Amino acid sequence: MPQVRAVVIPAPKAAVEVREFPEPEVPVGGVLMKTLYSEVCGTDVHLFHGRLSGVPYPLIPGHVAVGVAEKVRGPVTDLHGRPITEGQVITYLDVHKTCGRCWYCLVAKASTRCPERKVYGITYGASDGLLGGWSEKMLLLPGLHILPLPEGVKPETFIGAGCGLQTAVHAVERAEIKLGDSVAILGSGPVGLSCAALAALSGAGFVLVSGAPDDRLAKAKEFGADEVLDIRQTHEPDRVATVRRLTEGRGADVVIEACGEPRAVREALQMVRDQGRVVVVGQYTDRGEVALNPHGDINRKHVEIRGVWGSDYSHVYRGLRLLARFQQRVPWRDLGQNVYSLDSAGEALRAVEEQRCLKAVVKPGKRT
Ligand SMILES: [Zn+2]
Ligand SMILES: [Zn+2]
């Protein structure tokens with residue numbers, strides 16, 4: 001039986017290793033995908049440290065990936081009913097088994113809170129099969145939503161945008177940016193950068209990004225930020241004052257927290273104008289608490305605070321449309337240039353953790 005090489009995180013904080021798995025039988029309605037690229041995002045660093053709950057180790061990480069449909073045991077179709085064919089370059093919504101029958105799915109229409117949902121590379125473990133992207137091949141199970149890459153969008157561009165774009169689509173949707181709005185984004189990682197790009201594309205009158213280090217801030221400008229603030233050179237009150245100075249003293253119409261530090265939520269509340277909106281997308285793991293003044297920061301400001309959890313099909317779909325339309329304007333492809341083999345996946349994790357690169361990409365076909 002042919003073997004498939006895949007990277008496994010054996011347990012929280014345990015060094016990653018390459019293991020071999022038998023190539024799976026493809027069930028009816030499933031696709032065996034030869035992985036071209038997967039990514040190493042902040043989630044994978046959290047998984048490595050055991051900071052997410054409900055994760056069945058050992059785990060094959062890599063929740064987002066792109067590849068070539070190698071074996072299709074049809075019928076398998078996309079959203080439009082078009083067949084997925086062997087040789088086609090495809091990706092998928094990493095969320096599987098959203099039930100469509102529970103209270104959250106049916107009444108709240110909040111499918112990302114469906115308790116039945118399983119996520120490739122996060123809540124499916126290695127014992128469930130080749131369901132993570134740091135693997136030569138992946139099994140796309142029946143019912144998984146598969147999307148062909150739009151014509152003209154290269155796999156390298158798709159993976160450069162990666163989950164950061166999908167998350168940013170969701171965050172900016174929640175932000176409801178109006179034409180001409182001033183938007184401040186806290187965080188200059190892949191999510192923050194894509195938020196900057198989408199804020200600009202949404203017609204924001206002004207986009208500010210705070211973050212570090214220098215290469216990320218330079219990238220933020222390429223992604224559409226008019227102004228950047230280096231968090232290593234400034235303190236919270238200075239940054240708040242800068243945003244106020246740039247907005248006639250009022251504060252930003254919309255502030256998106258995309259950095260993960262709890263204190264950034266307080267900063268966002270101070271940066272936002274009265275009756276503005278704060279979107280919290282960076283607090284993906286529990287990093288602790290922060291003191292707020294409910295009267296001054298929330299009630300009297302008449303402010304709206306919105307959380308963002310996960311992505312659904314629409315965010316992947318819209319992300320692909322945005323890549324097809326704006327890939328020349330927004331340099332998503334540049335984010336996918338730190339490429340690692342399966343054997344150097346541990347190094348890729350360290351590089352992301354230590355912020356030595358904006359993003360790392362795993363290319364299972366890479367040999368060295
Ligand atoms: Zn449900
Ligand atoms: Zn991710």
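A residue counts as buried when its relative accessible area is under 20%, and as exposed when that area is over 50%. The exercises below apply to a predicted model.

**Exercise 1.** Determine which protein atoms are the donors of the zinc ion (ligand 1), and how they are spaced along the chain.

**Exercise 2.** Classify the arrangement of the 4 donor atoms around the zinc ion (ligand 1).

*Solution.* Four donors count as tetrahedral if all angles lie between 85 and 135 degrees. The donor atoms here subtend angles of 105 to 117°, and the arrangement is therefore tetrahedral. For reference, the ideal angle for four tetrahedral donors is 109.5 degrees.

**Exercise 3.** Decide whether C102 and C105 are buried or exposed.

*Solution.* C105 has a relative accessibility of 15%. The cut-off for a buried residue is under 20%, so C105 counts as buried. C102 is likewise buried, with a relative accessible area of 15%.

**Exercise 4.** Describe the second largest pocket by its volume, its lining and the elements that contribute to it.

*Solution.* The space in this pocket is about 290 Å³. Its lining comprises 17 residues, and D78, H80, R82, P148 and P150 lie nearest the centre. Two or more lining residues come from each of β9 (146–148) and α9 (313–326); α9 gives the most, with 5 residues. By class, the lining has 11 nonpolar, 4 charged and 2 polar residues.

Terms used
Residues are numbered from 1 along each chain as its sequence is written. Chains are lettered from A and ligands numbered from 1 in the order in which they are written. This is a predicted model: local features need pLDDT of at least 70, side-chain atom pairs count only at pLDDT 80 or more; totals for chains, interfaces and linings use all residues. Side-chain values use heavy atoms; hydrogens and water are left out. On a 1 Å grid over the protein atoms alone, a cavity is a set of points where a 1.4 Å probe fits but cannot get out, and a pocket is an open set with protein on both sides within 12 Å along at least five of seven lines; lining residues have an atom within 4 Å of a point. Grid points are joined across faces, edges and corners, and a volume is the space filled by probe spheres set on the points. Helices (H or I, at least four residues) and strands (E, at least two) are DSSP runs, numbered from the N terminus. Ala, Val, Leu, Ile, Met, Phe, Trp, Tyr, Cys and Pro count as nonpolar, Asp, Glu, Lys and Arg as charged, and the others, Gly among them, as polar. Donors are N, O and S atoms within 2.8 Å of the metal (3.2 Å for Na, K and Ca); water is not among the atoms, so sites may look incomplete. Four donors count as tetrahedral if all angles lie between 85 and 135 degrees; four count as square planar and six as octahedral if opposite donors are over 155 degrees apart and all others between 65 and 115; anything else is irregular. Buried means under 20% relative accessible area, exposed over 50%, partly exposed in between (1.4 Å probe, protein chains only).
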